[in-house]
Amino acid sequence: MTTILSRLFFFAVALFMALPLIVMVGVSINEKQTLAFPPQGFSLSWYGEIFTDDGWRNALFASLTLAALSAALALLVALPLAWFLWRRVAPWANIFQLLGVAPFTLPPVITALGLLTFWATTGFYGQPWTAVISHAIFFVTLPLVTLSLGFSAIDRSLVEAAATMGASDRVIFRTVVLPLILPYLVSGYAFAFVLSLNEYIVAYMTVGFTMETLPIKIFNALRYGYTPTMASVTVLFLAIAALVFGLIARFGDLPKLLGAMADDR
């Protein structure tokens with residue numbers, strides 16, 4: 001009896017958490033231009049509008065470009081920092097780790113206002129590349145954390161053995177370290193990519209309306225009313241996130257990449 005009640009409880013919790021998604025999917029397939037639920041008729045035309053309408057298509061391309069470039073830049077910053085923190089075990093090294101996680105631990109609006117002030121002061125406010133740098137700064141914590149987990153899982157005796165055989169730091173990194181941290185490298189990029197794709201506040205504060213990403217496009221479209229296209233974009237975001245994290249779970253150890261420690265007992 002207890003088992004049945006516990007299963008019913010978890011099913012009810014799962015259903016409650018899935019209700020917004022169920023409603024969103026239902027709204028996105030409405031035949032008419034309405035946000036009614038249950039859906040009135042069935043049509044996938046609102047998903048097609050994301051790719052056929054110039055405004056939505058350009059916003060999708062801007063979001064994908066911003067996410068891809070900012071995630072890559074965040075990874076380029078996080079990799080040498082994580083490598084340095086792993087090689088230099090010292091109390092003062094924690095200062096660099098704190099600087100790496102600080103942007104993501106602060107409220108997004110605080111970080112966004114700081115970036116807005118900086119870019120306005122330097123005269124670069126509104127330039128698309130400032131959004132790339134801003135997102136990279138904001139999301140550098142994600143690849144830094146995953147790479148730190150990857151480096152901590154490396155057996156230092158392997159590095160010491162390679163150094164004993166005469167391998168330089170560059171050779172050790174390329175032939176020993178890089179293959180071992182590759183899953184953490186990919187997952188860090190994926191996490192930063194997905195969150196950058198959905199981020200609104202930092203992008204809006206740094207570029208305003210000069211570069212319209214999908215989240216900014218949604219908020220702009222709200223001025224003219226609600227359409228099922230907005231729900232379709234939301235479902236598309238969720239599908240991309242599910243695909244990315246599903247691939248990580250399929251080809252890697254997702255719980256470990258998220259920080260869960262394996263039980264060796």
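The protein chain has an average pLDDT of 81, and 90% of the residues score at least 70; pLDDT is the predictor's confidence in each residue, from 0 to 100. This is a predicted model, where local features need pLDDT of at least 70 and side-chain atom pairs count only at pLDDT 80 or more, while totals for chains, interfaces and linings use all residues. Residues are numbered from 1 along each chain as its sequence is written, and side-chain values use heavy atoms, with hydrogens and water left out.

**Confidence**
- Helix 6 comes out highest in confidence at 90, while helix 13 (residues 254-257) is lowest, with a mean of 60. Helices here are DSSP runs (H or I, at least four residues), numbered from the N terminus.

**Helix 6**
- The twelve residues of helix 6 (residues 128-139) should span 16 Å at 1.5 Å a residue, and the end C-alpha atoms agree with that at 17 Å apart. The expected span is 1.5 Å times one less than the number of residues.
- Buried means under 20% relative accessible area, exposed over 50%, and partly exposed in between (1.4 Å probe, protein chains only).

**The salt bridge**
- The count is one salt bridge, meaning a side-chain nitrogen of Lys or Arg within 4 Å of a carboxyl oxygen of Asp or Glu.
- Its partners are Arg 57 and Asp 54, with their closest N and O atoms 2.4 Å apart.
- Both sit in helix 3 (residues 54-87), three residues or about one turn apart.
- Arg 57 is partly exposed at 34%, and Asp 54 is partly exposed at 48%.

**Rings around Trp 83**
- There are twelve aromatic pairs: rings of Phe, Tyr and Trp (its six-membered ring) with centres within 6.5 Å, called stacked if the planes are under 30 degrees apart, edge-to-face if over 60, and tilted otherwise.
- Trp 83 and Phe 151 have ring centres 5.9 Å apart and planes at 50°, so this pair is tilted. Trp 83 lies in helix 3 and Phe 151 in helix 7 (residues 141-152), so the pair ties together parts 68 residues apart in sequence.
- Trp 83 is buried at 17%, and Phe 151 is buried at 1%.
- With Phe 173, Trp 83 makes an edge-to-face pair, because the planes are at 75°, with centres 5.1 Å apart.

Note on methods
Helix = DSSP H or I, 4+ residues; strand = E, 2+ residues; numbered from the N terminus.
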